[in-house]
Amino acid sequence: MAPHAVVVVGAGQAGVETAAALRARGFQGRVTLIGGEPPGPCHRPPLSKGYLTGDVPAADIALRPAEFFAAQDIDLLAGDRVVSIDRERHTVTLDSGLRVPYGALVLATGCRPRTLPVPGASLDGVSTLRGLADAEDLRRRLDGPPRRLVVVGAGFIGLEVAATARGLGHEVTVVEAQARALARALTPGMADRLVAEHRAQGVRVLLNQEVAALHGDDEDRVHTVELNGGRRIDADLVVVGVGVLPDTALATAAELLVGDGVVVDERLRTSDPDVYAVGDCARFPSPHAAGRHLRLESVQNATDQAKCVAAALCGDGEPAPYTAVPWFWSEQYALRLQIAGLTADHDETVTVGDRDGGRFSVFCFREGRLIGVESVNRPADHGIARRLLAAGTDLSPDTVRQPGFDLKTLARRPASVPPRTSVERRTVHV
């Protein structure tokens, strides 16, 4: 039976979508959405791109307009935060002292950015980019004459900030400790193509380099980044993008099972059947990762998990497991990167399209089975790949290598009829 009241902790993408999905499914009980960020729920992807350039105003990044919550009878408690969970009494206590009862509790606490464990990390001009306040500060600092920006970390956030700042005319250096960019997220060839584009745009990308210290002036403003080995880089601003940590403090204090995230089952339930976790903080078993537990930091995952939990809370039968195909995207300069599936465990790739021209897809296989597709400026490939992965369509590396191969043709044919296809015979084994 549906609970009498649902409390959602965290007003980011996953939290807002959970509350909205409950009402969309006709949930009649009380819905309370609690978020600690005073401006209210905001859409994070523009913060490293259009919001920094001024092309996307603050009014356009709200996840929902303010009137939405009142119209949907969702109690939004913004600017307050949950400090404890009483599982026995089914209540949460807020920083303000308010206690809110729940029948079901949904943790959508997200992540917090990692900081640099080096001297000078707290100097003025050193920042991370996670929330609206971070983006507002960085936009203010980038609004003016060219400045020297050092981005620490060549992940998606770091590279997006680098591309945006370079487009604004700033001098940009990216420092990455790993031997290649996006080492855990992309195939080597795709990562190399992105780095090549940054360098062509005038960004210095330094790989296999670690930051040893940050140095400031007499007013404690950052002016130099020191690398291991002694090399120094002049800097007016430093943006740290070295990953995030799941916010599991509440779950840990409530003695829920935690391990690189709040551990949930295939139906997104924690070790307490009345408590769920969704979004960036949830560590869940995925059929697209051979049943292994993983965390995904993406809008798609947050939204789809929210809908899954809402269905479970509103349904009368056994809740359905979470099986959505993961997908991601990133925009850097004129390159729109889209990823369908999970490509990290591939053992073979086939590249199709015009790599040098910036319109190509990398098909990733494990033991001869398609597990993901990375596409640059080929949106049709991405959309079809998502459908094929969701259906479990059998697609082999040999099929993709055939002359004239085209996913659109494959999507139109019966599964038993192999398409005629062509080649770009570029295969990378890793």
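Me: Where is the place of R295?

Reply: This is a predicted model, in which local features need pLDDT of at least 70 and side-chain atom pairs count only at pLDDT 80 or more, while totals for chains, interfaces and linings use all residues. Residues are numbered from 1 along each chain as its sequence is written, and side-chain values use heavy atoms, with hydrogens and water left out. Helices (H or I, at least four residues) and strands (E, at least two) are DSSP runs, numbered from the N terminus. R295 has its place in the loop between β21 (293-294) and α8.

Me: Is R295 buried or exposed?

Reply: The general idea is a scale of relative accessible area, on which buried means under 20%, exposed over 50% and partly exposed in between (1.4 Å probe, protein chains only). R295 has a relative accessibility of 16%, so R295 counts as buried.

Me: Which partners does the side chain of R295 reach?

Reply: A polar contact is a pair of N or O atoms within 3.5 Å; within protein, one must be able to donate a hydrogen and the other to accept it, and residues adjacent in sequence count only if both atoms are side-chain atoms. Here the R295 side chain reaches the backbone oxygen of D260 at 3.1 Å, and a polar contact of 3.1 Å also joins the side chains of R295 and E297. A contact in the wider sense means heavy atoms within 4.5 Å, and, leaving aside neighbours within four places in sequence, R295 has such contacts with residues including C111, V244, P246, D280 and R283.

Me: What is the order of the strands in the open sheet of 5 strands?

Reply: Two strands pair if DSSP finds at least two bridges between them. The order in this open sheet is β3-β2-β1-β7-β19, with parallel pairing. Its edge strands are β3 (74-78) and β19 (275-277), each of which pairs on one side only. From one strand to the next, the twist averages 15°.

Me: Which strands does helix α1 touch?

Reply: Axes are lines fitted to C-alpha atoms, for helices over the stretch in contact, and angles run from 0 to 180 degrees between N-to-C directions. Helix α1 (residues 13-24) packs on the sheet and touches β1, β2, β3 and β7 (104-107), with a direction that makes about 170° with that of β2. Helix α8 (residues 299-314) packs on the sheet as well, touching β1, β7 and β19, and its direction makes about 160° with that of β19.

Me: How many aromatic pairs does the structure hold?

Reply: Rings of Phe, Tyr and Trp (its six-membered ring) pair if their centres lie within 6.5 Å; planes under 30 degrees apart count as stacked, over 60 as edge-to-face and the rest as tilted. The structure holds 4 such pairs. In one of them, the rings of F68 and F69 have centres 5.4 Å apart and planes at 85°, so this pair is edge-to-face. F68 is buried at a relative accessible area of 18%, and F69 is buried at 4%. F284 and Y322 also form an edge-to-face pair, with 5.4 Å centre to centre and 80° between the planes. This pair links distant parts of the chain, 38 residues apart, since F284 is in strand β20 (residues 282-285) and Y322 in the loop between α8 and β22 (327-332). F284 is buried, with a relative accessible area of 2%, and Y322 counts as buried at 5%.

Me: Which residues of helix α4 are buried?

Reply: An α-helix has 3.6 residues a turn, so residues three or four places apart point the same way. In helix α4 (residues 132-142), the buried residues are L132, A135, L138, R141 and L142. They pack against α2 (50-53), α5 and β16 (237-240). Just after α4, G144 has a positive phi of about 160°.
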